[in-house]
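Please walk me through this structure.

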Amino acid sequence: MKKYTLLTALILAIVLPGGLLLHSHLNSAPAPETLKPSPAATPVTVFEVQPTAVFDRIEALGTTVANESARITAAVTEKVVAVHFEDGQRVKAGDLLVTLQQDEERAQRAGAVEQQAENERELKRLKTLLAENVIPQRDYDERVTLRNITRQRIREVEARIRDRSIRAPFDGVLGLRQVSVGALVEPGDLITTIDDLSRIKLDFNVPATHLGTLQAGTVIHAYSSGWGNERFEGTVATIGTRIDPETRSVLVRAIIANPDMRLRPGLLMTVQLLNGQRQALMIPEEALVPVQRRHFVLTVGEDRMVERKQVSIGQRQPGLVEITQGLQPGEHVIVRGTTRVRPGQQVSFDERKMPVPQTG
């Protein structure tokens, strides 16, 4: 019995290590290649970089001015006998607004007109006598002189009448009436105002650094808090001839059509001047990967591998940034998913349409 037990133990001692070694070898053997799980490509969103028409955007604050504006005042000291307009009335050039006392002037004119008629009759008679050599030439010449003097007197009296008949100097809209019938007005006293609002002038200052690209005809967009987000479009009409030495800016005047007369003089407006149209590579700002003072983007090549590129940026627009160096048209830039991928990594992507740059 002891021999049998000893023999069994000896067999186990020989066989068991081999079995364990074989079991360990089988467990550590690599799995067939077909059983390895392939890592999934990280999904990202990209768009193709293409040249886009952009503008240099200049923003400023401007003040509106009427196309034509005047204070209606009296030129003489006289009493108001009639007012021919209402507050806010639209008038044409030459429309009578106020009549001042002018009875004396009209009487003087009537007398001068009668005198002129008498002169003409007398000249006709003297001309006949002169032709017959009945009177000397001097008598005829004296009557001619008298006729000319009377003619000038009539013109003088008519000028005084015009001073007492106040008329609209141009087409426009009248302001509030400041006088009443019976009031005595003196030179400089305000009667009302008149403004031509068919067009509005918008004056604003632009930094002198843009002077080289500013030109008449440049499109501007203007906004006023009084009209919400409504955009008013105009064009640059005049560029000032002087640079302000304190602000280093130049005064620019734009013209805005105002057919419905909603814009009024003295209105504060935000101005956006779209200058220097050109072709540029614009990408969404979210595609930029800033590292300290440098900027990078992640691109995807034809092999769907990620590559990091350093870029230089230019002008910014809402949600967009211009790339001046580092990218070429046709490249695909990662817009979403930049934090989930690294250079050299393979990705899958869907293409995003290029955002349209806003021009106003």
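In the hairpin of S15 and S16, five residues lie between the strands, and Arg304 takes a positive phi near 65°. Strands here are DSSP runs of E, at least two residues, and helices are runs of H or I, at least four, numbered from the N terminus. This is a predicted model: local features need pLDDT of at least 70, side-chain atom pairs count only at pLDDT 80 or more, and totals for chains, interfaces and linings use all residues. Residues are numbered from 1 along each chain as its sequence is written, and side-chain values use heavy atoms, leaving out hydrogens and water.

S15 (residues 294–300) and S16 (residues 306–317) pair antiparallel over six bridges. Pairing requires at least two DSSP bridges between two strands. Val297 stands opposite Lys309 in S16. S16 also runs antiparallel to S17 (residues 320–325), joined by four bridges. Gln317 has Leu320 in S17 as its bridge partner. Two residues separate the strands in that hairpin, where Gly319 takes a positive phi near 80°.

Buried means under 20% relative accessible area, exposed over 50%, partly exposed in between (1.4 Å probe, protein chains only).

Last, helix H2 (residues 103–131) holds Asn119. Asn119 is buried, at 0% relative accessible area.
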